Amino acid sequence: MTVSLILTIVLYLGMMLFIGFASSKKSKTTDDFYLGGRKLGPLVTAMSAEASDMSGWLLMGLPGVCLMGGLAEASWTAIGLAIGTYINWLIVAKKLRIYSEKIGAVTIPEFFSKRFGDKKNGLSLIAALIIIIFFVPYTASGFAACGKLFSSIFPGLNYVTAMVISAAVIVVYCTLGGFLAASTTDFIQSIVMTISLLAVLGISEGFIGGFDIAFDNVAKLDGFLNLFKGFDVAAGATSSYGALPVASTLAWGLGYFGMPHVLLRFMAIESPEKIKISRRVASIWVVISMAIAVLIGLVGYSLMTKGIVGPYENASAAETIIVDISRVISKTGYLPAFMAGIFLSGILASTMSTADSQLIAASSSVTKDIIANFFKAKVSDKKLMIIARISVIIISIIAVFLALDPNASVFRIVSFAWAGFGAAFGPVVLLGLFWKKSTKTGALAGMISGAAMVFFWKFGIREWFAGTVLDFYELLPAFILGLVVMVVVSLISKKPDDEIIATFEEVKASK
């Protein structure tokens with residue numbers, strides 16, 4: 001069994017490396033390396049955007065939260081993300097694709113500077129620093145998920161060793177093929193993720209004798225199935241989940257408007273007219289995949305009480321639920337061991353698909369936005385490509401050190417980084433695309449205030465007032481503050497130049 005698992009996963013990793021090598025031949029310039037030459041097809045755009053978005057928390061974090069805390073937090077999170085996904089594709093995708101090409105922007109920070117006429121590229125610098133600050137721990141969470149996966153599959157394998165090996169594979173194909181390699185591998189990984197989710201759910205249901213039994217088991221827990229209550233499985237205690245927690249959890253959807261690795265897919269699609277196809281594919285996939293992940297958590301409770309998996313002490317420990325189910329499947333002989341290897345590759349896919357995109361976005365911030373745009377370093381495109389690849393390696397090394405703790409919760413790390421991007425960039429993207437009176441000064445003030453509020457609320461308000469009505473997700477207050485600050489400062493600062501207004505009107509008139 002162990003040999004079959006190893007061979008399956010090695011073959012999968014080998015395929016990712018091959019794609020990176022093949023993509024390297026098409027990444028001849030920095031624009032190719034960071035945006036794939038704006039040649040992504042609608043299916044690759046849709047599936048790579050969502051695969052890079054969902055990350056390891058879809059197959060690990062979300063089922064773990066549902067298993068140990070009931071439906072409330074997991075369900076409202078999924079609902080918020082589903083709504084946010086659809087609205088982002090509906091109102092942002094096409095306009096950002098048109099606008100970014102019109103002004104010649106290939107990164108999100110560069111889009112901000114060119115959109116608001118920031119010739120000194122101060123906006124690019126601040127945006128790039130924010131990307132680095134939040135993407136490094138985000139990438140670390142992906143590496144940590146890979147380490148948890150391998151150390152769970154092979155108990156004799158040290159967590160750190162497993163994590164470093166996984167990180168090395170991601171770094172190699174990102175360094176070789178850049179954005180195109182990340183997008184192509186993400187497309188394949190989204191398919192593997194889907195197969196894994198469906199298979200694990202179906203077989204788990206068979207282990208316990210049907211979904212009716214699974215629902216009956218959790219129905220006995222007061223609050224587990226209630227969307228306005230929570231049930232702590234470890235403590236056996238029920239808690240309320242009122243309007244404020246619901247609103248703050250739904251606020252996960254606001255994060256989409258500021259996710260650099262998702263927004264880059266909008267900018268990279270080959271034609272604005274094909275975004276409608278991508279929107280439909282992406283929205284359907286997100287709803288189905290998250291619903292299955294929540295159901296796996298629900299079914300996981302029955303598996304745990306029957307002693308098939310677990311027991312788990314908390315949601316962080318329960319993040320290995322799909323790994324444990326896959327191991328049980330292979331041991332029972334219901335399916336060949338290599339099929340369990342495919343399931344486990346699905347978890348690996350979910351973590352790799354986000355980590356690779358984050359590395360490319362963070363690398364572009366260092367090379368394109370800081371070195372080339374802000375400092376205006378006069379280096380050839382060939383040298384910039386070398387710097388870009390070196391920056392991928394350096395950022396990865398930092399992320400590896402941050403991922404050394406195997407007890408860190410993937411879900412919690414992702415939620416913090418998600419809030420950071422949503423609050424810092426979301427208001428700037430929305431107002432930049434839809435409000436012509438927004439200014440450079442307003443954008444800068446909104447960006448900084450949104451990012452700062454995430455830290456203040458997370459490490460100040462939530463800790464000082466833990467257990468009170470103020471102990472809710474930091475994205476909601478931070479997003480609102482960033483939006484209000486940008487509007488107010490834009491109204492009192494110098495109005496945009498006529499050229500900027502004219503470009504805005506041209507994009508607005510585009511169909």
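Student: What makes E110 buried or exposed?

Tutor: This is a predicted model, so what follows is computed from its coordinates. E110 has a relative accessible area of 5%. Buried means under 20%, so E110 is called buried.

Student: What is K114 called, and why?

Tutor: The relative accessible area of K114 is 36%.

Student: Why is the pair E110 and K114 called a salt bridge?

Tutor: Their side chains meet with N to O at 3.5 Å. The limit is 4 Å between a side-chain nitrogen of Lys or Arg and a carboxyl oxygen of Asp or Glu, so the name applies. Side chains of opposite charge can pair when their charged atoms come close. Both E110 and K114 lie in helix 5, four residues apart, which is about one turn of the helix. By this rule the count comes to eight salt bridges.

Student: Which salt bridges does R462 form?

Tutor: One of them is with D471, at 3.0 Å from N to O. Another is with E474, where the closest N and O atoms are 2.9 Å apart. E474 is in the loop between helix 16 (440–464) and helix 17, while R462 is in helix 16, so this pair ties together parts that are twelve residues apart in sequence. Because the salt bridges share partners, R462, D471 and E474 are joined into one network.

Student: How do you know whether D471, R462 and E474 are buried or partly exposed?

Tutor: D471 has 30% relative accessibility and counts as partly exposed. R462, at 23%, also counts as partly exposed. E474 is at 0%, so E474 counts as buried.

Student: What makes the phi of N121 worth a remark?

Tutor: Phi of N121 is near 60 degrees, a positive value in a residue other than glycine. Most residues other than glycine have a negative phi. N121 sits in the loop between helix 5 (108–115) and helix 6 (122–153). At a relative accessible area of 11%, N121 is buried.

Student: Where is T139, and how do you know whether T139 is buried or exposed?

Tutor: T139 is in helix 6. The relative accessibility is 1%, so T139 counts as buried. Apart from neighbours within four places in sequence, T139 is in contact with A355, Q358, L359 and A399.

Student: What is the span of helix 11, and where does helix 11 bend?

Tutor: Helix 11 (residues 275–305) has 31 residues and reaches 45 Å from its first C-alpha to its last, close to the 45 Å expected at 1.5 Å a residue. Helix 11 bends by about 25 degrees at V299. Just after helix 11, G307 takes a positive phi of about 80 degrees.

Student: How does the span of helix 17 compare with what is expected?

Tutor: Helix 17 (residues 475–492) reaches 26 Å over 18 residues, close to the 26 Å expected. Its buried residues include L475, F479, V485 and V489.

Student: How far apart are S326 and S204 in sequence and in space?

Tutor: They are 122 residues apart in sequence and 9.3 Å apart in space, C-alpha to C-alpha. S326 lies in helix 12 (residues 321–332). At 0% relative accessibility, S326 counts as buried.

Student: What are the figures for the protein chain as a whole?

Tutor: The secondary structure comes to 18 helices and two strands. Of the 511 residues, 60% count as buried. Among contacts between residues at least 6 apart in sequence, 84% join residues at least 24 apart.

Terms used. Residues numbered from 1 in each chain as written. Predicted model: local features only at pLDDT ≥ 70, side-chain atom pairs only at ≥ 80, totals over all residues. Heavy atoms only, no water. Expected span 1.5 Å × (residues − 1). Bend = angle between axes of the 7 residues up to and from the residue. Buried < 20%, exposed > 50% of the residue type's maximum accessible area, 1.4 Å probe, protein only. Contact = heavy atoms within 4.5 Å.
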